[in-house]
Amino acid sequence: GDTEEIVKLAELVLACAVLCEHKDKYIRAILSLDQTSKESLMYLTQQALQLLHDDASCESSSERFCADGASEAMTEEEERTEEREEERKREEERRGQGEGYE
């Protein structure tokens, strides 16, 4: 029904966002969301990318490379975001420890 078509459209829009020239901007935006939203959008995006990858119209290796690259870029950006968050927490802990000695 309509809901299924809306989900398909959302998947395609997400796929376009992570395949476009400005994909880093959109991937960062997705990764800045709360965990549930982020996981949902990443799942939908991966579904769409998989469909593009498997689609007979996606025969060229460059198109498959783009779809694979977008998934890889999302994973890499998520890892960088996690690393920045861990570094921020370590910095806060260092500051908190330093406050006791002043």
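Trainee: Which residue forms a salt bridge with E91, and how far apart are the closest N and O atoms?

Mentor: Side chains of opposite charge can pair when their charged atoms come close. In this predicted model, the partner of E91 is R95, with the closest N and O atoms 3.4 Å apart. The pair counts because that distance is within 4 Å.

Trainee: Where do E91 and R95 lie?

Mentor: An α-helix has 3.6 residues a turn, so residues three or four places apart point the same way. Both E91 and R95 belong to helix 4, and a spacing of four residues puts about one turn of the helix between them. E91 is partly exposed at 27% relative accessible area, whereas R95, at 54%, counts as exposed. Through salt bridges that share partners, E87, R90, E91, R94 and R95 are joined into one network.

Trainee: What does E87 pair with?

Mentor: The side chain of E87 meets that of R90 in a salt bridge, 2.7 Å from N to O. These two residues are three apart, again about one turn, and both lie in helix 4, which spans residues 61-99. Each is partly exposed: E87 has a relative accessible area of 35%, and R90 has one of 37%.

Trainee: Which residue forms a salt bridge with E92?

Mentor: That is R88, and the closest N and O atoms of the pair are 2.3 Å apart. Helix 4 holds both E92 and R88, with four residues, about one turn, from one to the other. E92 is partly exposed at 43% relative accessibility, and R88 is partly exposed at 38%.

Trainee: How many salt bridges does a search of the whole structure find?

Mentor: The search finds seven. The pairs E87 with R90, E92 with R88 and E91 with R95 are among them.

Trainee: How many helices and strands are there in the chain?

Mentor: The chain has four helices and zero strands. Read from the N terminus, the order of elements is α-α-α-α.

Trainee: Which residues of helix 2 are buried?

Mentor: They are I27, I30 and L31. Viewed down the axis of helix 2, these buried residues fall within an arc of 95°, so they line one face of the helix.

Trainee: Is I30, for one, buried or exposed?

Mentor: I30 is buried, because its relative accessible area is 7%, under the 20% cut-off. I30 sits in helix 2.

Trainee: What is L41 in contact with, leaving aside its neighbours within four places in sequence?

Mentor: Apart from those neighbours, L41 is in contact with L14, I30 and L33. L41 lies in helix 3 and is partly exposed, with 25% relative accessible area. A10 is 31 residues from L41 along the chain, and their C-alpha atoms are separated by 9.3 Å.

Trainee: What share of the contacts between residues at least 6 apart in sequence join residues at least 24 apart?

Mentor: The share is 62% in this chain.

Trainee: Last, the cysteines. How many disulfides are there?

Mentor: The count is zero. C16 is in no disulfide, as the nearest cysteine sulfur, that of C20, is 8.3 Å away.

Definitions and conventions
Residues are numbered from 1 along each chain as its sequence is written. This is a predicted model: local features need pLDDT of at least 70, side-chain atom pairs count only at pLDDT 80 or more; totals for chains, interfaces and linings use all residues. Side-chain values use heavy atoms; hydrogens and water are left out. Buried means under 20% relative accessible area, exposed over 50%, partly exposed in between (1.4 Å probe, protein chains only). Contact means heavy atoms within 4.5 Å. A disulfide is a pair of cysteine sulfur atoms within 2.5 Å. The arc is that of the directions from the helix axis to the C-beta atoms.
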